[in-house]
Amino acid sequence: MKNSYDIAIIGSGAVGSSIAYHLSETKQKDILVIDKGFPLAGTSGSTQAWVWVHPKTPSWYGELNMYSAELYPILEKKIGDVEYRRTGGIAPFFSESDRKDALKLAEAQAEAGINIDVLSRKEVLEKEPALSPNIAGATFSQLDGNVNPFRLVELYIKAAKKNDVTFSFYNRVHDIQKRKDTFTIHTEKGEFAAKQLILAGGPWTKELGNMINITIPVKQVRGQILVTEPLAPLLKHTIGGIRQANNGEILIGYSKEEVGYDRRTDLDVIHDTANMAVQYVPDLAKANVVRCFSGIRVMPEDGLPIIGNLPGLENAFIASMHSGITLSPIVGTLMSELIFDGETSIDIQNYDIQRFEKMKA
Amino acid sequence: METDVLIIGGGPAGLNAAFEPASNGMNVTIIDESFSFGGQLRSQTQYFDHLPRPFNRERGTNLSRKLIDRLLPFDVDFLPQHTFVGKYKDGTIGVSHKNEVIPINAKKVIIATGAAEEAIMFPGWTLPGVMTIGAAQILMNRDRVMPGKDAIIVGSNEFAFDVVQQLKDVGANVHGIVESDSQMRLQNSQKIEAFKNLGIPLYVNASITEAQGKGKVEKVFLGRNGEKINLDVDLICIAGGLMSILEPFEIMDCKLVYNQALGGWIPEYDKHFETSNQSTYVAGNAAGITSIGGILTTGELTGVSVMASLGVLKSEEAAERKRDLWHQLYQIEGIQRPDTYHARLAAIKDFNTSKDRTLTK
Amino acid sequence: MDQSTIVCRCEEINIDEIETAIKMGAETFDDIKRLTRCGMGPCQAKVCMNLVRQLIYDYAGKPLSDIPPARLRMPLKVTRMETLASNDSPSSSSSVISVFNESASNQGGDIREK
């Protein structure tokens, strides 16, 4: 293994691996990806992996998600079958009084070209008969879907390796220094030099930022998810909170707790999640739950991605976002443009880390 | 539900752990996922020697009844078909029974969930007709079903020979015992003599290379120093040894440690059998694989420790009782299974050293 | 041993698939689980965990004492959803939220501050 590279990426989850793959497509750069663990051991391996567009606001943020979803079919042609399915997405509401919010959402998202239907109870049940008749309605969009996160990360890495990217797993970064034009990355397995540095450590990006004296304004948020045994096809769509995987397992959960890096699960959230499952899809009452898992997700302080240059440190970049699975194709593409061309095809000014400073000021 | 002492697992360790607290007036709750109590003893018709007082040489099935009967006069709640499923944020235990989860608040928890049998892998090991010796024993002695007519046993520990005898008793032909080591693992000279009288071939330095059959085992192929042997059998019993069941310890936040002589991964515990979680104790095979005498003695030790920690026993009296029980453990386990006994002492010492280090930090 | 020998019977994962994951750099049972689904079936790794740990030892030479057990998850036994739904969280505020309420009723504002 060499110890000098053009680009070092820290983090090999969906975001870091996608950036590595997209950068490697031209085979012009020597790229190293460092991860403190093994791929899928962190956030990317503990998600329901919705490719989720329609309820994301403000609309310009929804638009970014839409573009990324549009890239998935092309990505699959390039890296292989990641089991991307554009199922359409349903976000149910239970009170008729929510309908005006749903209509407002549809109107706002239409500006960005995101088509949302606001469905009546009857329309929801026609589309997805397994949903509860207690539902008042739902927002629906054709754009949403889901993907197999395990295949996604594995195939990003395989494709990047084919393009000669070097991966170093189980290699924790202890410190990062910059002298002249070179970053020196001190790791468990030795020192590596790189001309450009990309931080894609998900929830652990905060620690990476500390090493180069930059505050990364992100929080850690835990989500707990229940998994059933494989069931016969029951859900056709990706439901806000629930989806059925290709093998028939149903994943349920939408919880947020700020507990640092604690990845335990607990019966408190399991009970509430099971109640949500039965409230949304009554037939799930008879389903067997085989396991519960949790993931620590990164949450920028304003909820929106942080993508772009790091201020005051030339050739250092960051890509940190909550919706890493949905956004990985577009973020890989944009980072590749930023590094090769110095500019991006889509304006990413809104995602600049300096917005947090401005907000404070 | 509230209780002084919750015991998870109603086998010999759990039942014996209950006696001291219960006979001293504490409320003890014992849960077991099975329909009845006694654990593996319920299917063990063989005689056990070297039992601690007040027990004498006894069949497993009878011992099971005695362990239960001596708890009946006291305030002990036996909860069969109650399964430990998890823990709440505040430490309350969750136990499932029929269609509900019952929260149980206990001052102290004793985990006595015992051991699971190890699998052995070879081509065809997943065919019906391949089972652990424990499973064969349950079929014969609990369900009164003959597990097969023509059997072969893989592994030559004491338990394997007990099952050979029981297979013969129900009329099965045992065509051989296969041991990968150069000699049989059984060391009990009485049992070796009894085995010799049965005239069953012992294949040492041998292992199964394949099991074959249409939908079930019909044939087994053995390899011994390059020589191939094939036998027509419909039952392959695996005596692959035991490993502690670990799930409850992870849920209770108990640290684990690897100790080969005690069966692999086990919870860390001190000389009072208290784990790294101060409300949680361990007893029996869950604290490292041992003999029935070791299981009963560690159970009693744990019971005394729990009483002492709750202030029911004066500390001097408790210290004396524990000294006696450790001496008893030495006399039983230290002589029958010296490797186990010394590994246990070493593991306890290591745990104390690491505790001291944490305290001085 | 034949590479097609099954290791995980629940998900029908064979030795070859396990070794491919180890070649990719997997060092623990859980690393292999996420790549192959080994141990994700109804038995939740109870049968195959030590078989896989042994394969890691055989293939990568890592001592068994350095190969941790699988991460074990609630509910410890396969449990009906209705059983898990028989109670609510004892705390008054739930951390389980509605996707719809989180987004649709928060337009224009900071959507994550709920």
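Is A:F38 buried or exposed? With a relative accessible area of 2%, A:F38 is buried. Keep in mind as you browse that this is a predicted model.

**Where chain C meets chain B**

- On the chain C side 34 residues are in contact, and they meet 30 residues of chain B.
- Together the two chains bury about 2700 Å², with 65% of that area on carbon and sulfur atoms.
- There are 3 salt bridges between chain C and chain B; one of them joins B:E33 to C:K77, with the closest N and O atoms 2.8 Å apart.
- Polar contacts between these chains come to 11 residue pairs, both residues being at pLDDT 80 or more.
- On the side of chain C that touches chain B, the elements giving two or more residues are β1 (6-8), α3 (49-60) and α4 (81-84), and α3(C) gives the most, with 5 residues.
- That side of chain C splits into 19 nonpolar, 7 polar and 8 charged residues.

**Aromatic pairs**

- Over all chains, the structure holds 18 aromatic pairs.
- A:F38 and A:F169 pair edge-to-face, 5.3 Å centre to centre and with 75 degrees between the planes.
- This pair links distant parts of chain A, 131 residues apart: A:F38 lies in the loop between β2 (31-34) and β3 (50-51), and A:F169 in the loop between β8 (166-168) and β9 (173-179).
- A:F169 is buried too, at 9% relative accessibility.
- In chain B, F161 and F195 also form an edge-to-face pair, at 4.7 Å and 80 degrees; B:F161 sits in helix α4 (residues 158-169) and B:F195 in helix α5 (residues 189-198).
- Both B:F161 and B:F195 are buried.
- Ring pairs join A:F38, A:F167, A:F169 and A:Y170 into a cluster.

Conventions. Residues numbered from 1 in each chain as written. Chains lettered and ligands numbered in written order. Predicted model: local features only at pLDDT ≥ 70, side-chain atom pairs only at ≥ 80, totals over all residues. Heavy atoms only, no water. Contact = heavy atoms within 4.5 Å. Buried area = accessible area lost by both parts, 1.4 Å probe. Salt bridge = Lys/Arg side-chain N within 4 Å of Asp/Glu carboxyl O. Polar contact = N/O pair within 3.5 Å; in protein donor to acceptor, adjacent residues only side chain to side chain. Helix = DSSP H or I, 4+ residues; strand = E, 2+ residues; numbered from the N terminus. Nonpolar A, V, L, I, M, F, W, Y, C, P; charged D, E, K, R; others polar. Phe/Tyr/Trp six-rings, centres within 6.5 Å; stacked < 30°, edge-to-face > 60°. Buried < 20%, exposed > 50% of the residue type's maximum accessible area, 1.4 Å probe, protein only.
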